[in-house]
Amino acid sequence: MDYGSLGMSASAVNQSSSPREAPASALMNFVDDASHKSDRPGDEPLLCIDNIQGNSIAGFNKDFQTLVFLRISDPAAFKAWLANEVPFVSTAAEVLSFNRLFKALRFRRGAEKRSIKATWFNIGVSAAGLRLLMDPSEVDAFLDAPFKAALFAQSASLNDPSDAASDGAPQNWLFGGNADSDAHVVLICASDDQSDLDAEIDRIQAAIEGTTDTRQAATAHRSGATILYIQRGATLPQPLTGHEHFGWLDGVSQPGIRGKLSANNDDLLTPRQNPNEPGQGKPGQDCLYPGEFVFGYLKQDAGAADPAAPTGTFSKARGSAGADWTDDGSFYVVRRLRQDVAGFHRWLSDTAAQHDLSAEELGSALVGRHPHGAPVLAATADDRVIGNDDCRNNFFEFQNPPASGQAPKDDSQCNPGPAAAADPQGQRCPFSAHIRKAYPRDDKSTLIAQLTESDTQTHRLLRRGIPFGDPIADEGNLSKDTGDRGLLFAAYQTSIANQFEFVTKNWVNNPNFKEAGVGQDPILGQNAQDGRQRQFVTAFTDDDNNFHDPTLTIPADFVVPTGGGYFFTPSIDGLYHIAGRTDVPPVCLGGHVPPQPPQPPTPRYGG
């Protein structure tokens, strides 16, 4: 599940099953590889990867992750602590170098041997936290209203539960539900190995809380902060590895990112592996301008005839940030989403039986993919070959079939095969299906003239989530799910208003997107009315080849928010700026486009 399938990045274990990957790095000779040739070389910005934190554009891609949430009590002490921690912060350059080496070794050896491993660490700060650490006017300069307001203040507008008896109501969240429990800081830690991650968490806890060991009294250090909550996550064990708790493969559809990593024009962040479309990474993976996810770079143009054309006047991602110190930073959204696995599967089983379907068939119509990842547009059943092939499992559009038939120019590119037929009427992938609601691709609407592929691409998210909790113990017993399990949704963007909240409010929760009466997203959607039940129109063809489009009702929320927050993940330079260190030379000098007028912060259409 995700906001464009709930939010997991592909785990290192799951990546090993992917049959094709582009040449990995300077460790390999990619100068002449077709996948390292840009369709718009003049628009590929040089990314300051030594300044950008590693989990945004690179992605940690680790099997184990822990988020540590902090409250600041002594700003001066915390700034000193922060300055000491900046050298431990993992950069995009470090993460990309590791990922490339990892892939190169796996490619040469033909298997994943875990011969190398790493533990990563990143930092995010909320608006309330920034106000404690710096001049409040610098926080006021951010134009993104939701970031400044905090997630708990936006909860009602996201249709979260409000009944005090519900665990999903902010006042009952485990963290982040009000001004007193809102985290000022999030520490993002990830590792290939659980014991290595535990050691890093121990180091962080000692650094935050100080040591009480008299033998270490000389090095004792108080951070000026306290630990509010610790959330652990991990990819699920087999047979659910790479899947979320409901059982569907996750993290399939991620945007590519334009940009180069060095002065070499062929050193692209996202290799172009689709021989049919030079503006894509993997087939179906449109490459977007980095200003959608990191401040200081070219953005997408919502009104462009060509989605690959960057904006002109408003070319810098400053629409939601103010001063230069925000360059190379991103907004980071975290939502702790508890899943009622037993309730979901019980409803699937009961409802499917009423329509002469299997629970898997109905679930696939709701998600838009079969459990192992094959899109319903490309397969009528759970085709694991398609689902496991990242050259094929995202190769589709809704309005018009993507171009196909071109052979790979060399071994660095994919051969996705024939394209799946499009489905403009929603008869194979319903308009209400999760993947269509959360990412409508090239869809058009009879109600929303602004719904174009160019506009859609301005609302994308870089998802970096991971499951938490153990799988349900007895899948055969659907009487009750008493466990605490779900998804730790996390995503990067440069406008919470126009990306995360826009998708949630205008698409996922909107019963009239993209056409009147199609209902809310059956997986992630929330309805603040009608006792929280959701109605939606689904679609399927029965064994006699008869088409059905029944309206179904889900009586309760199977995904419930139980915590979260809105954060800003600054650059390395930005972290030193927040810490008040003026003696540290900047990492990036002159590497960004000149300042531009801010982009209007109001979304182009509302709901």
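**A loop residue and a helix**

Guide: A polar atom of the D135 side chain lies 2.9 Å from the backbone nitrogen of S137. The model is predicted: local features need pLDDT of at least 70, side-chain atom pairs need pLDDT 80 or more, and totals for chains, interfaces and linings use all residues. Residues are numbered from 1 along each chain as its sequence is written, and side-chain values use heavy atoms, without hydrogens or water.

D135 sits in the loop between α4 (127–133) and α5 (136–140). Helices here are DSSP runs of H or I, at least four residues, numbered from the N terminus. D135 counts as partly exposed because its relative accessibility is 44% (buried is under 20%, exposed over 50%, partly exposed in between; 1.4 Å probe, protein chains only). Along the chain, D135 and I578 are 443 residues apart. Their C-alpha atoms are separated by 9.5 Å.

Now the helix. α3 covers residues 92–109, 18 residues in all. From first C-alpha to last, α3 reaches 25 Å, close to the expected 26 Å (1.5 Å times one less than the number of residues). Its buried residues include the nonpolar A92, A93, V95, L96, F98, F102, A104 and L105. N99, R100 and R106 of α3 are buried too. Just after α3 comes G110, with a positive phi of about 75 degrees.

How values were computed
Helix = DSSP H or I, 4+ residues; strand = E, 2+ residues; numbered from the N terminus. Polar contact = N/O pair within 3.5 Å; in protein donor to acceptor, adjacent residues only side chain to side chain.
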